[in-house]
Amino acid sequence: MTPPHPGPLAGARLLTSPSVSPAVVRELERITGRPASSACADEPFLYVGDALPGALRNPRLLWFHSVNAGTDALLASGPWPAGALLTRTVGRMGERIAQYTLAWVLAECQSVQEHTAQHSGELWRRIPSELVAGRTAVVHGTGRIGSAVAGLLRACSVRTVGVGRTPREVPEGFDRVVLAGSREETTALAEARWVVSTLPLTDATERFFDDTRFRAMRGATFVNVGRGATVDLPALEAALRAGTVRGAVLDVLPDEPAGPGHPAWRLPHTVITSHSAGITADEDVVADFASCWEAVTDGRTPALAVDTVRGY
């Protein structure tokens with residue numbers, strides 16, 4: 001994750017993908033002090049976009065800044081050019097995903113779907129509510145997004161248990177953190193009212209949520225705001241039908257988009273929300289690129305740099 005040397009970067013061309021809006025392109029030009037182009041270059045270049053075309057996966061690439069937070073698709077599309085820096089856009093995604101998660105937690109406790117159904121049927125029947133305070137949420141992933149989710153839930157007096165792959169100090173927002181695969185994780189899953197996944201997709205997290213983890217739950221609601229392929233969908237379906245998982249809210253799926261007839265639409269007690277929890281805004285792209293540019297031109301590795309070997 002060594003940043004490109006300020007010397008070569010000073011003369012590098014700025015390329016942008018067609019998906020980048022004209023307003024963002026103008027800001028990128030202002031920040032870098034050079035015009036943007038969409039054409040391939042025979043000289044060193046930096047690229048801003050959502051995908052890296054095969055023709056640009058070459059040694060002339062100094063730096064790619066992704067307009068998205070997830071970079072697994074980028075890294076899975078082909079070998080990453082040696083020495084090229086990869087950074088990503090996070091922006092206020094943690095805040096958005098935290099609000100999304102809390103919204104579904106509160107909607108469940110306030111029986112929003114049931115009340116909506118009663119309204120449609122002109123039915124008057126009192127439905128008791130459930131308090132979130134004192135319940136336990138287990139959040140897999142203790143990085144920026146996981147911490148934001150835990151922090152907002154904790155503000156509502158929800159006990160928050162983080163699950164991480166390596167020992168570390170307890171990040172902000174969590175009451176405690178346990179190791180993935182440990183007995184403590186199994187115990188936490190059994191105690192959880194909600195299990196939230198913010199995991200990225202790597203070799204280590206593919207189908208992370210399997211029969212073993214779903215069977216360890218005792219009626220928790222499962223919320224996935226990370227990556228779809230971290231979940232074994234047949235295992236989730238079996239758990240939903242058995243009742244070890246009470247319900248599921250899936251913002252992501254292994255295969256997207258889910259067209260008519262996709263098996264995920266038939267999962268019982270499940271809501272799918274079309275990868276909408278943390279949509280990146282133009283201002284997020286500009287702000288995060290600017291902070292990365294400041295670091296790179298100062299010879300520092302940006303905080304938003306991605307380890308291309310680990311995948312995050």
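Buried means under 20% relative accessible area, exposed over 50%, and partly exposed in between, with a 1.4 Å probe and protein chains only. All views show a predicted model, in which local features need pLDDT of at least 70, side-chain atom pairs count only at pLDDT 80 or more, and totals for chains, interfaces and linings use all residues. Residues are numbered from 1 along each chain as its sequence is written, and side-chain values use heavy atoms, with hydrogens and water left out.

View A. His-269 is exposed, because its relative accessibility is 57%. It lies in the loop between strand 11 and strand 12. Helices (H or I, at least four residues) and strands (E, at least two) are DSSP runs, numbered from the N terminus. Phi of His-269 is near 55°, a positive value in a residue other than glycine. Arg-207 also has a positive phi, about 55°, and is not a glycine. Its place is the loop between strand 9 and helix 8. Arg-207 is exposed at 52% relative accessible area.

**View B. A cis peptide bond at Pro-257.** The bond from Glu-256 to Pro-257 is cis, with omega near -5°. Pro-257 sits in the loop between strand 11 (245–250) and strand 12 (270–272). Most residues other than glycine have a negative phi, and most peptide bonds are trans.

View C. The structure holds 10 aromatic pairs. Rings of Phe, Tyr and Trp (its six-membered ring) pair if their centres lie within 6.5 Å; planes under 30 degrees apart count as stacked, over 60 as edge-to-face and the rest as tilted. Trp-63 and Phe-289 are stacked, because their ring centres are 5.1 Å apart and their planes stand at 10°. Trp-63 belongs to strand 4 (residues 61–66) and Phe-289 to helix 10 (residues 282–297), so the pair ties together parts 226 residues apart in sequence. Phe-289 also stacks with Trp-293, at 6.2 Å centre to centre and 25° between the planes. These two are four residues apart in helix 10, so about one helical turn separates them. Trp-63 is buried, at 0% relative accessible area. Phe-289 is buried, and so is Trp-293.

**View D. Helix 2 against helix 10.** Helix 2 (residues 22–32) packs on helix 10 at about 15°, with axes 10 Å apart. Helix 2 is therefore roughly parallel to helix 10. Axes are lines fitted to C-alpha atoms, for helices over the stretch in contact, and angles run from 0 to 180 degrees between N-to-C directions. Angles under 35 degrees count as roughly parallel, over 145 as roughly antiparallel, 65 to 115 as roughly perpendicular and the rest as oblique. Val-24, Glu-27, Leu-28, Ile-31 and Thr-32 of helix 2 meet residues of helix 10 including Phe-289 and Trp-293. The contact residues are eight nonpolar, one polar and two charged. Ala, Val, Leu, Ile, Met, Phe, Trp, Tyr, Cys and Pro count as nonpolar, Asp, Glu, Lys and Arg as charged, and the others, Gly among them, as polar.

**View E. Phe-208 and its surroundings.** Phe-208, Phe-209, Phe-214 and Phe-222 form one aromatic cluster. Phe-208 lies in the loop between strand 9 (194–197) and helix 8 (211–216). Phe-208 is buried, with a relative accessible area of 11%. Not counting residues up to four places away in sequence, Phe-208 touches residues including His-140, Arg-213 and Thr-230; contact means heavy atoms within 4.5 Å. The C-alpha atoms of Phe-208 and Thr-230 are separated by 5.1 Å.
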